[in-house]
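Have the sequence and the 3D view open side by side while you read.

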Amino acid sequence: MTRPAAPVWALEMRAVSKRFGATAALDKVDFELSPGEVHALLGENGAGKSTLMKVLSGAVRPDEGEMRLDGRPFDPAGPLEGRRRGVSMIYQELTLAPHLTVEENILLGREEHRAGFLRRREARRRIAEALAFLGHPEIALDAPIRRLSVGARQVVEICRAILDRSRVLVMDEPTSSLTQEDTERLFRLIRKLRGEGVGVIYISHFLEEVRVVADRYTVLRDGRRRGSGAIAETSLDDLIQLMVGRKMTDLFPRQNRAPGEPLLSVDGLKSARMAESVGFLLRRGEILGLAGLVGSGRTETLRALFGLDRAERGRVAVRGKSSRTGTPWRRIAQGMGMLSEDRQGEGLALGGSLTDNITLSRLGPYRRRPFLSRRRRSREAARWVEALKIKARGPDQPAAQLSGGNQQKVVLARLLHQDADILLLDEPTRGIDVRSKSQIYGWIAELAARGKAILFVSSYFPELLGVCDRIAVFHRGRLVAVRPAAEWTDEGLMAASMTGKG
Amino acid sequence: MGARKTSISFLNLVAPFLGLLLVLALFSALPEVQSRFLRWANLKSVATQSVIVALGALGMTLVIISGGIDLSAASTIALSSVIVAYAINAGAAPAAAVGLGVLTGGAVGFVNGTLITRLRLVPFIITLGMMGIARGLAKWIANNQKIDAPLTWANELMAKSPHPSWLVAAPGVWLMVLLAVAMAVVLRYTVFGRHVFAVGSNEAAARLCGVRTSRVKVAVYALSGLFCGLAGVMEFSRLTVGDPTVAVGLELDIIAAVVIGGGSLSGGEGSILGSMIGVFIMSFLRNGCTMMGWPNYIQEIIIGVIIVAAVSLDRIRHRRAV
């Protein structure tokens with residue numbers, strides 16, 4: 001790209017820092033964007049991309065650093081001001097009102113009127129022109145948003161941004177729920193925006209798309225800028241190396257295990273929320289890791305398996321006993337236990353005590369005619385609190401008062417108390433401290449050694465590599481490859497997750 | 001796509017409209033009431049009986065479209081009727097008394113809206129509290145009994161045979177029609193109306209687009225209060241007394257009318273015409289059942305069934321849409 005001698009960036013961020021508690025989400029990050037440039041912002045989950053964009057939008061105030069928009073200082077007090085100054089965000093959760101029409105959404109908050117009565121003709125003409133310019137004249141102005149496809153909704157948001165004369169447009173994973181065709185149309189549209197001098201910040205996990213659409217890239221890792229440059233002068237491998245960039249740690253005690261007979265076999269399982277059907281085999285004493293990006297279908301697979309989502313087709317065989325549909329009640333009876341990725345929403349009864357949470361899925365032993373024995377439940381719970389080193393005042397403390405790591409241990413204690421044979425663990429170490437993490441790794445390994453079968457979903461590849469016997473990779477709803485953990489590398493998992501080629 | 005949209009909004013109204021026709025057809029077909037049901041005199045009487053719920057439903061439609069609820073509507077009606085009677089008794093001019101009644105309602109609504117936006121509490125809780133507060137105030141002011149007031153023109157508002165006979169129907173009926181048209185225009189053709197829909201559809205998006213959502217909400221509840229105040233005036237006019245115990249549970253009739261008319265309790269949907277059809281479905285049912293000599297409980301069961309049926313239809317329609 002050729003730039004004038006004294007470049008005026010469309011956007012310039014200098015030494016932006018932001019701390020949340022003890023962790024530095026952003027550490028002196030620089031970022032610059034020229035007018036008419038498509039700039040890919042890359043990094044793993046938690047690398048700081050979304051925090052940086054929240055700072056840009058005005059949703060989060062930085063602790064340090066400064067921003068300039070078209071050379072002028074830019075310090076938005078909130079998203080509304082950011083937007084008025086010309087920074088528009090196109091998020092995955094769209095910021096449209098589903099009941100209102102295309103026209104009403106685009107004009108929302110800036111309707112032209114005379115004495116409060118709407119004047120629509122001129123505005124309608126401008127919107128129709130803009131939609132035609134974007135290559136989407138087929139989108140009807142009077143169609144309610146909720147009747148449009150995800151792709152069309154995105155176009156509406158982009159149209160709103162253009163009519164607002166936005167200088168900087170941030171697109172966060174814009175293609176994750178688009179069809180191939182819609183994706184290509186989006187790319188054509190992005191090129192048009194580039195021609196108009198709009199700077200586009202493009203966040204995506206799909207590196208091959210990034211290579212097609214972006215001019216330059218910036219990679220963040222652990223809250224710092226690790227690299228920037230022209231896309232054409234780099235390779236996929238270089239980008240992945242920049243994003244991963246770390247050495248394997250020895251948090252993971254390797255044990256020698258000999259997987260036994262098949263405990264769970266899944267064949268062609270598909271729920272309404274899954275893009276494609278999935279099949280795999282899990283043996284006694286085996287830990288099978290499910291790798292992939294967020295939204296790649298791992299959680300949906302576990303949900304269908306556990307009977308939380310109804311299976312449309314396929315079969316699930318537990319200990320050779322085959323069935324298609326299951327309910328959580330029935331799966332628990334078959335010896336399955338699930339740890340949800342949404343600890344606070346689904347994993348725990350937050351208001352309940354540790355005793356309630358630990359014993360909920362197996363109350364049988366405490367039955368005493370019409371009542372439950374409070375004392376015996378509490379004693380049993382206390383045993384687990386001690387065994388798993390849960391930091392709590394006692395088994396009667398409400399689960400809500402515990403730290404994340406200790407809450408996760410309570411959920412794990414429930415599965416152990418339930419004596420589940422097949423454990424479905426969805427991001428069991430998300431958002432918890434290192435100490436609790438390594439404890440959980442240890443227990444998982446020990447459970448496998450005792451003959452349990454474990455499905456381990458994680459977005460953090462090193463822990464999959466360290467803990468699992470085999471790893472399966474998901475990409476856009478499809479199970480791409482299953483291989484022994486020893487045959488995978490961090491980079492290989494990342495590449496397979498992002499490209500779907502393993 | 002344009003054609004599809006019109007057919008959809010058409011469908012939204014077609015269900016309640018068919019419901020109304022069904023009720024009318026049912027009673028017109030029953031030989032016992034056939035001769036009296038669709039008669040002019042009866043229609044006038046149904047219209048007059050609908051005025052109070054209809055006025056309440058005008059405000060409630062806005063509240064429900066904005067994603068809220070106003071449980072204090074009926075209590076506000078009672079409070080306003082007591083205020084009007086009290087003021088007339090105290091020697092105020094009828095016009096002043098009527099104005100005071102309407103403004104009292106508006107004040108109640110303004111307080112509702114302000115508390116909802118300032119305390120950031122759900123409307124259900126705030127207006128549930130206000131339901132008790134307004135009812136209690138009404139009883140306090142009325143000293144826990146009915147307030148008799150001398151007859152004035154204010155009592156003519158709900159007269160089935162109005163004084164200048166060219167009016168044909170009670171002034172209250174005309175007021176209802178006029179205000180319904182006005183509110184339909186406001187909802188459809190003004191910036192405010194659009195913002196009400198936007199707040200109910202996606203409040204976060206509306207705020208992000210620069211809609212002053214708190215103002216919109218306060219205005220919506222204040223309007224609802226004003227309409228309830230006016231409904232209270234009509235209640236006073238009908239009863240010729242201020243009665244603090246009147247209209248208990250009427251807020252549920254008002255909400256039912258809006259819901260039957262296509263209003264969605266999760267916000268973003270509803271229309272004045274729909275709500276008015278809802279009001280008339282319920283009024284004609286009551287009227288027809290009474291004529292048939294069917295006991296009260298039959299009416300209650302039928303209306304209950306209609307509410308469930310209307311909302312289920314709504315759900316089915318939405319499932320198809322999404």
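What follows is a short tour, one topic at a time.

## Before you start

This is a predicted model, where local features need a pLDDT of at least 70 and side-chain atom pairs count only at pLDDT 80 or more, while totals for chains, interfaces and linings use all residues. Residues are numbered from 1 along each chain as its sequence is written, and chains are lettered from A, with ligands numbered from 1, in the order in which they are written.

## How confident is the model?

The score to know is pLDDT, the predictor's confidence in each residue, on a scale from 0 to 100. Chain A averages 88, and 95% of its residues score at least 70. Confidence in chain A is highest in strand β22 (residues 453–457), at 96, and lowest in helix α8 (residues 236–244), at a mean of 82.

Be careful with residues 1–5 of chain A: pLDDT stays under 50 there. The model has four contacts beyond four places in sequence for that stretch; a contact is a pair of residues whose C-beta atoms, placed from the backbone, lie within 7 Å.

## Where the chains touch

How many residues of chain B are in contact with chain A? There are 22, and they meet 24 residues of chain A. On the chain B side, α1 (2–29), α8 (191–201) and α9 (203–208) each supply at least two residues. The top contributor is α8(B), with six residues.

What kinds of residues make up that side of chain B? They split into 13 nonpolar, six polar and three charged. In this count, Ala, Val, Leu, Ile, Met, Phe, Trp, Tyr, Cys and Pro are nonpolar, Asp, Glu, Lys and Arg are charged, and the others, Gly among them, are polar.

Now find helix α6 of chain A, residues 180–195. Its 16 residues reach 23 Å from first C-alpha to last, close to the expected 22 Å. That expected span is 1.5 Å times one less than the number of residues.

Which residues of α6(A) are buried? They are A:L186, A:I190 and A:L193. Buried means that 20 or more other C-beta atoms lie within 10 Å of a residue's own, exposed means 12 or fewer, and partly exposed is in between, with C-beta atoms placed from the backbone. Look down the axis of α6(A) and its buried residues fall within an arc of 55°, so they line one face of the helix. (The arc is that of the directions from the helix axis to the C-beta atoms.) Their cover includes β3 (38–42), α5 (150–163), β9 (168–172), β10 (199–203) and α7 (207–213) of chain A. On the other side of α6(A), the exposed residues are A:Q180, A:E181, A:R188, A:R191 and A:G195. Just after the helix, A:G197 takes a positive phi of about 85°.

Hop over to chain B for helix α4 (residues 73–89). It has 17 residues and reaches 24 Å, close to the 24 Å expected. Is this helix mainly buried or exposed? Of its 17 residues, 16 are buried, so α4(B) is largely enclosed by the rest of the structure. Just after α4(B) comes B:G91, with a positive phi of about 100°.

## A sheet of four strands

Back in chain A, four strands form an open sheet in the order β2-β1-β4-β5, with antiparallel pairing. Strands of a sheet pair through backbone hydrogen bonds, either parallel or antiparallel. Two strands count as paired if DSSP finds at least two bridges between them. The edge strands, β2 (23–33) and β5 (72–73), each pair on one side only.

A:M13 stands opposite A:F31 in β2(A), and its bridge partner in β4(A) is A:M67. A:L11 stands opposite A:L69.

A:A15 sits in strand β1 of chain A and has a positive phi, near 50°, without being a glycine. A:A115 also isn't a glycine, and its phi is positive at about 55°. A:A115 lies in the loop between β7 (113–114) and β8 (117–118) of chain A.

Notes. Two residues are in contact if their C-beta atoms, placed from the backbone, lie within 7 Å.
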